[in-house]
Amino acid sequence: MKHDFIDKYAELDSVIHRLDPRIKIISFFSFIFFVISTQPPRFSIIFAQPSEVLMGSLKFLFYFLLIFSVILVSKVPLRFVFKRSLVIIPFVLLIAIFIPFLKEGEIAGSYSFASLHLNVTYTGLETLFNVLSKSWLSVLSMLALASTTKFPRLLKGFEKLGMPRVMVMIVSFMYRYVFVLGDEVMRMKCARDARSFGGNSKWHIKTVGNIIGTLFVRTYERGERVYVAMVSRGFSGKIKILDDLHVRKLDLCFMISFLTFLTMIWAVL
Amino acid sequence: MAKKVVAIKDLEYTYPDGTRALRGVSLDIFEGESVALIGPNGAGKSTLLLHLNGILQSDRGDVEVLGMNVEENIREIRSKVGMVFQDPDDQLFMPTVFDDVAFGPINMGFSEVKEKVRRALKQVGMSGYERRAPHHLSFGEKKRISIATVLSMEPEILVLDEPTSNVDPHARRGLIELLNGFDVTKIMATHDIEMVSETCDRAIVLFDGKIAANGDVEEVLTNSELLESHGLEAPILVRLFREVMHRDDIPLRLDDAIERQKRYKI
């Protein structure tokens, strides 16, 4: 079966795809760092000093334009990126939606529903904007990273940047076997559907429980077989990986200009 | 006399759960031989294979590989004995084909890893697959790459567990030709009797943890009574010549059969 839900579009070829994974990791993670450390616009002074609020909001617009242009250059379909980026929004919204009502401060508006009295505060709105925009921009940046870098190269990049090898290995196994396990679940589901007609929901839940249990046992056994295969090829507990990453001039140029843009938006605007 | 590469004496093995998988196995394998281990499920074929590179170690009996005691020279033996497992999804555990084929040489501390990987992939006819991810390959392709993952260590003995299981006829044909092209000593556990007749010079019948027969492929595979009493079945050609045509000169390979049939008619 074909699966590509992790690094879809990483097979495309563009300037961004060809960059060294380390460069991309540093650049896109700094993007997040810069974005989250940016002061959000202060809505409470919107009438007193509208220009300052405007400038504060503009910063976020420029961050967006920066990451947007990178995505454009990478040729990854915009529809895909935006659709994917919205996946995170419901979770953030679930937490953030109550903030405007709960924060103390200058009241921007108040609503009454029967006996319920709700106040929306400026500081609350600020926080809402803060959380929503920052999380969305961060997701965009991670999508730009993930959909322009093949997963194995991404792992290699993380490893070269000093991530512990054991962790890299665990993630690498996860990436390798999530597809195998997915197939296994699919097959078990097929086998169940081929033999299950009707039955009540209690029965169905029991079957799902059994499938999960079987999957666990099979995974455990597979783990042992994989380990035997590793040991057969000289694995002794120490993970060694060949170094074949090279930073070129273009990589450095990208990183330096990307970071310069970030600093400019962060500090100057 | 060829060099003895594997010498097993009175090997016994009992799994932790009490299953007696091997009950006194003794056998010698010589350099350049192609040996088939045949027998029904649970006969102990895989267990025996796992002793060849010290994955399983028994306190009863001796295993010597390339003149070395397995327990004392485990590292060297693992680089000399290339073990290909049945399920390529177990064999290929790295995110890319290159990483997988390079895994052995890197762990063994070999130099020129890239060159070794390139050569191994070329040997199995999979050049250019370096950057591919294993989960995007077909089963036959995975099987070939599994073989490449041990070829990259340049082994002296190639051990294969069910090399042709689950592959389609076309891929199976390719695998047989591939295996026939290797000069190294080959030991394979299999149920594919027809493949044995094409790739092996010696067949060992394992039954219930003991060796039931050990001899030339011709001798073992034409012995229908022996095979049937040990949960196996003679190749179709053997049955055709014996049961249908009532002949005594029984061929194992198709080209051989055609040749004999021509001569018979004259």
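In which sense do strands E9 and E10 of chain B pair, and over how many bridges? In this predicted model, strand E9 (residues 202-207) of chain B pairs with E10(B) in the antiparallel sense, over 6 bridges. Within this pairing, B:Arg202 has B:Asp216 of E10(B) as its bridge partner.

Both strands belong to an open sheet of chain B, in which 6 strands follow the order E6-E7-E8-E3-E9-E10 with mixed pairing. The edges of the sheet are formed by strand E6 (81-84) and strand E10 (210-216) of chain B; each has a single partner strand, so one side of each is left without a neighbour in the sheet. From one strand to the next, the twist averages 15°. Helix H6 (residues 139-151) of chain B packs on this sheet, where it touches E6 and strand E7 (157-161) of chain B. The direction of H6(B) makes about 160° with that of E6(B).

In chain A, a packing of two helices was examined. Helix H5 (residues 89-96) and helix H7 (residues 122-146) of chain A pack at an angle of about 165°, and their axes are 10 Å apart. Because angles over 145 degrees count as roughly antiparallel, H5(A) is roughly antiparallel to H7(A). The crossing of the two helices is right-handed. On the side of H5(A), the contact is made by A:Ile89, A:Val92 and A:Ala96. H7(A) contributes A:Leu128, A:Val131, A:Leu132, A:Ser135 and A:Trp136. By class, the residues of this contact comprise 7 nonpolar and 1 polar, with no charged residue.

The domain assignment divides chain A into domain 1 (15-158 + 247-268) and domain 2 (164-232). The centres of the two domains, taken over C-alpha atoms, are separated by 37 Å.

The two chains also touch each other. Their contact takes 23 residues from chain A and 28 residues from chain B. On the side of chain A, the elements that give two or more residues are helix H8 (151-160), helix H9 (165-195) and helix H10 (201-232). Of these, H10(A) gives the most, with 8 residues. The side of chain A that touches chain B has 14 nonpolar, 4 polar and 5 charged residues.

Methods. Residues are numbered from 1 along each chain as its sequence is written. Chains are lettered from A and ligands numbered from 1 in the order in which they are written. This is a predicted model: local features need pLDDT of at least 70, side-chain atom pairs count only at pLDDT 80 or more; totals for chains, interfaces and linings use all residues. Axes are lines fitted to C-alpha atoms, for helices over the stretch in contact, and angles run from 0 to 180 degrees between N-to-C directions. Helices (H or I, at least four residues) and strands (E, at least two) are DSSP runs, numbered from the N terminus. Angles under 35 degrees count as roughly parallel, over 145 as roughly antiparallel, 65 to 115 as roughly perpendicular and the rest as oblique. A crossing is left-handed if the near helix is turned anticlockwise from the far one by less than a right angle, and right-handed if clockwise. Two residues are in contact if their C-beta atoms, placed from the backbone, lie within 7 Å. Ala, Val, Leu, Ile, Met, Phe, Trp, Tyr, Cys and Pro count as nonpolar, Asp, Glu, Lys and Arg as charged, and the others, Gly among them, as polar. Two strands pair if DSSP finds at least two bridges between them. Domain bounds come from an automatic or database domain assignment.
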